[in-house]
Amino acid sequence: MNMPSHVRIVEVGPRDGLQNERNPIEVSQKIRLVDDLSAAGLEHIEVGSFVSPKWVPQMAGSAEVFAGIGRKPGITYAALTPNRRGFEAAMAAGVTEVAVFAAASESFSQRNINCSIAESLSRFVPIMDAARLHGVRVRGYVSCALGCPYEGMIDPEQVMVVARDLYTMGCYEISLGDTIGVGTASATRTLIEVVGGKVPREHLAGHFHDTYGQALANIYASLQEGIAVFDCSIAGLGGCPYATGASGNVATEDVVYLLNGLGIETGVDLEQVAYAGRAISQVLGRTSGSKVSAALSARG
Ligand code: HMG
Ligand code: MG
């Protein structure tokens, strides 16, 4: 299969990257991060989530973040919404694209959103209906696509069923989440082959956490399978509060470097995205998780 000529990077740093941070981060710093990412040429940015603040306190200020960012034409600014209440809050904040999130593992579904997989899917139906009325696109996530922190190995057929259901209910794109970063290139290819049998590959995305350092290899394997959308996190920030020990998504800077080398266009400026990564790392008081960023800094 031919590699894609353009890849859409979905920047999830402001959401997946920051949601697990223990210390509160100022709304102004989150706004600056999103604005820096917009300036770097990212065309799709997940800005925050409208979830219970008891479950994920760091995302409580998402409406303020949406109110403060400078929205550039042509860029999608999206938010996670687990239920109808979250969807309404997102609409009130002027969000124009939302994402619902399900899991391929029952245990993870319970821990993350306090309901079974089937219950979660039925909760999404009113979101889909309301989104249609508002003219808002809905993206779907399937967590634990390559393994579960509670159940271990996950059968790709289980992932396929949830991905198919989300696609059938109207999600325009299904992001396959390696929540705990255990996947390998071979498992990734098998997953895409199985899920791709029910959901067209142009409607699939890869969401690789880099816990075992396999994310870039998994992206390369996905490119070979014709996948052209990848979720990445600036400076490799993050993790899921309900997947202890899982590290952040693959660093955006590292993916841009990979894709530049392959001659695959992203619209993202590497120097500018590295600048955004250094700025947020400084706010958090740590070094960037991006190897490319470290190499660029060392070069001076
Ligand atoms: P619940 O406790 O079953 O829900 O939580 P509930 O309806 O009984 O409500 C409990 C409380 O939350 C009530 O408040 C509600 O009002 C409030 P109280 O009466 O106790 O004061 N509430 C809300 N508040 C604000 N916004 C809302 C909302 N809904 C209820 N939308 C619920 C169910 C889904 C709400 C909860 O489990 C939750 O918020 N979970 C979010 C978990 C989360 O955000 N996880 C991280 C994102 S997913 C992820 O990282 C994976 C991903 O990156 C892909 C991958 O890597 O695999 C996407
Ligand atoms: Mg994630």
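Here are some questions and answers on a predicted model, its ligand and a few of its loop residues.

Residues are numbered from 1 along each chain as its sequence is written, while chains are lettered from A and ligands numbered from 1 in the order in which they are written. In this predicted model local features need pLDDT of at least 70, side-chain atom pairs count only at pLDDT 80 or more, and totals for chains, interfaces and linings use all residues; side-chain values use heavy atoms, with hydrogens and water left out.

Q: Which residues come nearest to ligand 1?
A: Let's start with the shell, where a residue is near a molecule if one of its heavy atoms lies within 4 Å of it. The shell around ligand 1 divides into eleven nonpolar, eleven polar and four charged residues; here Ala, Val, Leu, Ile, Met, Phe, Trp, Tyr, Cys and Pro count as nonpolar, Asp, Glu, Lys and Arg as charged, and the others, Gly among them, as polar. Of the 26 residues around ligand 1, those that come nearest are K54, R85, N114, S143 and T179.

Q: Which side chain lies 2.8 Å from a nitrogen atom of ligand 1?
A: For ligand 1, a polar contact is a pair of N or O atoms within 3.5 Å. R15 has a polar side-chain atom 3.0 Å from an oxygen atom of the ligand, and Q19 has one 2.8 Å from an oxygen atom of ligand 1. The nitrogen atom of ligand 1 is 2.8 Å from an N or O atom in the side chain of N112.

Q: How is E21 placed, buried or exposed?
A: E21 is found in the loop between α1 and α2 (27-39), where helices are DSSP runs of H or I with at least four residues and strands are runs of E with at least two, numbered from the N terminus. Its side chain and that of R286 are joined by a polar contact of 2.7 Å. Buried means under 20% relative accessible area, exposed over 50% and partly exposed in between (1.4 Å probe, protein chains only). Because its relative accessibility is 16%, E21 counts as buried.

Q: What is the relative accessible area of C144?
A: Most residues other than glycine have a negative phi. C144, in the loop between β5 and α7 (156-169), has a positive phi near 60°. C144 is buried, with a relative accessible area of 0%.

Q: What is the relative accessible area of G135?
A: G135 lies in the loop between α6 (117-134) and β5. G135 is exposed, with a relative accessible area of 65%.

Key:
Polar contact = N/O pair within 3.5 Å; in protein donor to acceptor, adjacent residues only side chain to side chain.
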